[in-house]
Amino acid sequence: MSNKKNICVFCGSSLPIKLPEINSEIEIITDIAILKKFALIYGGAKIGIMGIIANSMMKKGGEVIGIIPKILSKKEIINNNLTEIIVVESMHERKKKMYDFADVFLVLPGGVGTLEEFAEVITWKSLGIIKKKIIVLNTKGYYDNLLNQFKVMFDSKFLYSDILKDIIILNSAKDLVRYL
């Protein structure tokens with residue numbers, strides 16, 4: 001791994017049918033990451049949004065480190081066209097390595113796996129375990145309901161702090177340049 005800073009991206013291994021904008025958003029993200037000298041850390045798959053962002057970075061000469069558990073590498077979804085691929089034993093080890101390598105986290109649209117990764121780092125941030133930036137790309141309001149649920153949790157006194165103050169919410173990838 002190089003001495004570059006690392007942006008860890010959480011995103012789906014599927015393509016969202018209701019978010020065709022995600023492709024152009026990814027192009028902007030990868031342009032900014034390269035401009036700001038960030039390497040991409042992600043889950044190592046060649047499918048879905050994961051594959052699109054990794055391939056975009058690689059085509060532009062960026063550095064991409066994929067971290068994938070053995071169970072998924074055997075399902076032939078592993079992206080072998082990366083700067084580095086790290087195969088680990090478990091999903092837990094994958095997340096730990098991703099979190100350790102990251103200088104900043106970027107949450108893109110995704111499913112329950114993306115949500116779980118986001119929930120873990122936001123929990124760690126609210127508990128003071130990490131101090132790293134967490135940025136959410138809320139393309140076309142994709143995360144509006146989740147962000148509202150965080151407000152409901154806070155108002156109901158289930159959160160120690162207002163986690164909406166602990167994350168950066170962007171509606172456009174163009175705004176990412178200000179935070180890297």
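This is a predicted model: local features need pLDDT of at least 70, side-chain atom pairs count only at pLDDT 80 or more; totals for chains, interfaces and linings use all residues.

User: What makes β4 and β7 edge strands of the open sheet?

Analyst: The sheet has seven strands in the order β4-β3-β2-β1-β5-β6-β7, with parallel pairing. β4 (84-88) and β7 (168-170) each have a single partner strand, so one side of each is left without a neighbour in the sheet. The twist from one strand to the next averages 20°.

User: What makes β5 and β6 a pair?

Analyst: The same test of at least two bridges applies. Strand β5 (residues 104-107) and strand β6 (residues 133-137) pair in the parallel sense over four bridges. One of the facing positions is Val104, which stands opposite Lys133 in β6.

User: Why is β1 described as largely enclosed?

Analyst: Five of the six residues of β1 are buried, so the strand is largely enclosed by the rest of the structure. For β2, five of the five residues are buried, so that strand too is largely enclosed. Phe38, Leu40 and Tyr42 point one way from β2, while Ala39 and Ile41 point the other way, and all are buried.

User: Why is Val9 called buried?

Analyst: A residue is buried when its relative accessible area is under 20%. Val9 has a relative accessible area of 2%, so the residue counts as buried. Val9 is in strand β1. Leaving aside residues up to four places away in sequence, Val9 touches Leu40, Ile41, Tyr42, Ile53, Met98, Leu106 and Leu108. The C-alpha atoms of Val9 and Ile53 are separated by 9.0 Å, although these residues are 44 residues apart along the chain.

User: Are Lys140 and Lys157 buried or exposed, and how do you know?

Analyst: A residue is exposed when its relative accessibility is over 50%. Lys140 is at 59%, so Lys140 counts as exposed. Lys157 is at 68%, so Lys157 counts as exposed. Lys140 lies in the loop between β6 and α6 (144-155), and Lys157 is in the loop between α6 and β7.

User: Across which strands does α4 lie?

Analyst: α4 lies across β1, β2 (38-42), β3 (64-69), β4 and β5, and runs at about 155° to β3.

User: What is the volume of the largest pocket, and which residues are closest to its centre?

Analyst: The largest pocket has a volume of about 330 Å³. Of the 23 residues that line this pocket, Cys11, Ser13, Arg94, Gly113 and Thr114 are the closest to its centre. The elements that give two or more residues to the lining are β1 (5-10), α4 (91-101) and α5 (112-126). By class, the lining has ten nonpolar, nine polar and four charged residues.

Note on methods:
Residues are numbered from 1 along each chain as its sequence is written. Side-chain values use heavy atoms; hydrogens and water are left out. On a 1 Å grid over the protein atoms alone, a cavity is a set of points where a 1.4 Å probe fits but cannot get out, and a pocket is an open set with protein on both sides within 12 Å along at least five of seven lines; lining residues have an atom within 4 Å of a point. Grid points are joined across faces, edges and corners, and a volume is the space filled by probe spheres set on the points. Ala, Val, Leu, Ile, Met, Phe, Trp, Tyr, Cys and Pro count as nonpolar, Asp, Glu, Lys and Arg as charged, and the others, Gly among them, as polar. Axes are lines fitted to C-alpha atoms, for helices over the stretch in contact, and angles run from 0 to 180 degrees between N-to-C directions. Contact means heavy atoms within 4.5 Å. Buried means under 20% relative accessible area, exposed over 50%, partly exposed in between (1.4 Å probe, protein chains only).
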